[in-house]
Amino acid sequence: MPGGEVAWVSPFHINFEGLERNIICRDDEDCDTLVKCIFICSWRKNVIVIIYAVVSNHAHIAALAKSLEDAQLYAMEVKRTYSLLFRRKYGETAVLRRTSVDVQALDTDWYLRNALAYIPRNALDNGAENVEDYKWTGFRAFFRKRSSIGKRETVSPVLPVPPPKHMEQWNKMCFPDLG
């Protein structure tokens, strides 16, 4: 686990579903902020992110957590943190209140396999012509077939997470508005 403990974990599918009129990411900066929230909150809540996709009106995450309750707490922390940053940027309140959060156990091999394939395909819903070229998904990190040794490649922004003793400084650097 991110906190260093060894634990049995289970996979979960987390879905942040906005409505067609409820845009949760208005630009690339919003997508970047939500991706950062996904990973910073995974550290805070001791959850491991397997793969993710962020599009304009929803987001999906496959994650490993010790229990359904832990996965739900993580999902609510992502929503709370992103909501705060969204509100501060746009000055709007209650926009994400209409965004539902659904957490389902990936409890069969079929469900797990299909969720891991489905999540990055959401990039196509956001206008990408090729899932591999969409920068707000973990597709390339998860499914890369070739090695990038000796070759410079741009991949989705996954932040290295520092040791716990530096977490407060890390949060201030990534989320200066949270104070």
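**Reading the sheet and its helices**

Student: In this predicted model, what makes E1 and E3 a pair?

Tutor: Two strands pair if at least two bridges are found between them. Strand E1 (residues 10–17) and strand E3 (residues 58–65) share eight bridges, in the antiparallel sense. Eight meets that cut-off, so E1 and E3 count as paired. Within this pairing, Ser10 faces Ala65 of E3.

Student: Which strands are called edge strands, and why?

Tutor: The open sheet has four strands in the order E2-E3-E1-E4, with antiparallel pairing. Strand E2 (48–54) and strand E4 (100–105) each pair on one side only, so they are the edges. From one strand to the next, the twist averages 15 degrees.

Student: How do you know that the length of H2 agrees with its residue count?

Tutor: Take 1.5 Å a residue: the 23 residues of H2 should span 33 Å. The end C-alpha atoms of H2 are 32 Å apart, which agrees. After H2 comes Gly91, with a positive phi near 70 degrees.

Student: What makes Tyr74 of H2 a buried residue?

Tutor: Buried means under 20% relative accessible area. Tyr74 is listed as buried, so its value falls under that cut-off. Other buried residues of H2 include Ala71, Val78, Leu85 and Phe86. The cover over the buried residues of H2 includes E1, H1, E2, E3 and E4.

Student: How do the helices run against the strands?

Tutor: H2 (residues 68–90) lies across E1, E2, E3 and E4, at about 30 degrees to E1. Helix H1 (residues 28–44) lies across E2 and E3, at about 165 degrees to E2.

Methods: Residues numbered from 1 in each chain as written. Predicted model: local features only at pLDDT ≥ 70, side-chain atom pairs only at ≥ 80, totals over all residues. Heavy atoms only, no water. Helix = DSSP H or I, 4+ residues; strand = E, 2+ residues; numbered from the N terminus. Axes fitted to C-alpha atoms, helices over the stretch in contact; angles between N-to-C directions. Contact = heavy atoms within 4.5 Å. Expected span 1.5 Å × (residues − 1). Buried < 20%, exposed > 50% of the residue type's maximum accessible area, 1.4 Å probe, protein only.
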